[in-house]
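Here are a few friendly notes to read alongside the model.

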Amino acid sequence: MMNTIKDKVAICGIGETKYYKRGTAPVPEFRLACEAIIKAAGDAGIAVTDIDGFASYSNERNDASRVATALGLPHFSFSNMFWGGGGGGGSGAVANAAAAVAAGYAKYVVVFRALAQGQFGRFGQAAPAKSISGDFAYTLPYGLMSPAQMFAMRVRRFMHEHHVEQEAFAAVALAAYHHAQYNPRAVMYGRPLTREAYYESRWIVEPFHLYDCCLENDGAAACIVTTAERARDLKPKPAYLMAAAQGSDYRQNAPAHNAPDYATSNFKTLAPRLFEMAEIGPQDVDVLQAYENFTGGVVMSLVEHGFCDADAVMGFCTYENFAWPNGKLPLNTSGGNLAECYMHGLELVLEAVRQVRGTSTCQVKDAEISMVVSGPMVTPVSSLILHG
Amino acid sequence: MPSEQHATKYALPEGLPAPQATRDGLDKEFWEAARRHQLVVQRCNECATFQFGPEWICHHCRSSNVGWERVSGRGRVYSWERVWHPVHPALRDACPYMVVLVELPDAGNVRMVGNLIGDAREELTIGTTVEVVFEDHEQGFTLVQWKRA
Ligand SMILES: [Zn+2]
């Protein structure tokens, strides 16, 4: 038996602000962070002052000490940041929070993410530097600068190696927009997407159309992690952590796109550890939230977690399979990064919790096992599995 | 070695960040060699492993005895992308443009990013053979670019 956190830890509260279009949040990012945390405590039915730990991941700009001070927390027992780029740490931050409560470092660790891109720069735009040195000197002068451009190169190679066509990516986008039409929180609520509109949308960088790329939003999300024991005494149904894992494969960060295994979303060594800890297989997962910076990465991460073979993508990655309520693998049931909001994937963790609670706007019938994949194509990445 | 190529114009407009060697000198030789129209790749003097980008130690044998080796400048397209949406002010009127990831079979298959010189709307397939082109800029740096061989 592995010594794991399985069933020892649960997510006991979730909270989010309204999700705003990029640059339209009426209050600063720091205040959004505080609001989401207060809401998560309210959802859990604990006092805000019970929170005594913080975990987040790369690009989080709101310092935990400032939050603890602003909220008047009497005990600040644990703080932790997950390394790496973009959304790779969404599940990893929950894992770190879980480790902290299981080890007794803190009682209630809040995982949070706040974004107000009007107040700060956009992630999809290049910095206006006159010169550049180091790893970026091998890419930026060639106009390879945005995340879409960094990842399109990997996805093109993946398409080549496994005969994957654009329609697999269209399926991810169409399912996300379909689900967002049921979710009043979603920025794209009331904005359905047709297959024609997907294909007719402009190219950002081949093979990514506009609708293959995540939104950019303002807002904040938070969830509270505690021991299974404490969670059982609280009002919401606990979302027990079956497994969580983080990691990266061999030399994935090699500069100038020199990762030896290139056409990968970087989950090949992580996924077996994750399922071993959960003591289940991908066939047991009822509903999946997979981070979409870009649709191509979702498809790669499905393959690497064992949901389908790389050479069977075109048969498996279809709108019909991904769409609630009849799909075999309902995917991104809140609309996800593409159509609910872009909270660097933390909104996916909140949706995974809703699914095992039975409160999603696209509730999968009898969903017991709910999974999150965080990060594709960055390093490190992370994933988690919850049960109700 | 391919004949020395002098680009008649730049693949992309001026104004993008100019490459500069790192302050600690790690990749000084790479950018200086490009200036001399030579393509070099870091190579371990102990175990002969090529690596790019450069690092202070060999990732294979962990020796710090690493040097630079001149390579042929012939490669093949490992992946590519056609960029339509400009994310930098200098690129506003330059789209579409083609970025290629080139692997170098006679340098341990290390890869380099560059632009493919020519018509960006032309079809490109993975595996296409390419050849290095050195693009001298007046500000004193040279970019490593690629053209169909
Ligand atoms: Zn060596």
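1. The largest nonpolar core has 160 residues, and Ile11(A), Leu39(B), Leu104(B) and Trp146(B) touch the most other members. Such a core is a set of buried Ala, Val, Leu, Ile, Met, Phe, Trp, Tyr and Cys residues joined through side-chain atoms within 4.5 Å; buried means under 20% relative accessible area (1.4 Å probe, protein chains only). Helix 5 (residues 166–180) of chain A contributes the most to this core, eleven residues; helices here are DSSP runs (H or I, at least four residues), numbered from the N terminus. Apart from this core lies another, of 34 residues, including Ala25(A) and Leu234(A).

2. Please remember that this is a predicted model: local features need pLDDT of at least 70, side-chain atom pairs count only at pLDDT 80 or more, and totals for chains, interfaces and linings use all residues. Residues are numbered from 1 along each chain as its sequence is written, chains are lettered from A in the order in which they are written, and side-chain values use heavy atoms, leaving out hydrogens and water.

3. Where do the chains meet? On chain A, 41 residues are in contact with 40 residues of chain B (heavy atoms within 4.5 Å). Together the chains bury about 3500 Å², 56% of it on carbon and sulfur atoms; this is accessible area (1.4 Å probe) lost on being put together, summed over both. In chain A, Tyr138(A), Tyr142(A) and Met153(A) lose the most area to chain B.

4. Between chain A and chain B there is one salt bridge (a side-chain nitrogen of Lys or Arg within 4 Å of a carboxyl oxygen of Asp or Glu). Arg82(B) pairs with Glu206(A), the closest N and O atoms being 2.6 Å apart.

Technical notes
Buried means under 20% relative accessible area, exposed over 50%, partly exposed in between (1.4 Å probe, protein chains only). Helices (H or I, at least four residues) and strands (E, at least two) are DSSP runs, numbered from the N terminus. Buried area is the accessible area (1.4 Å probe) that two parts lose on being put together, summed over both.
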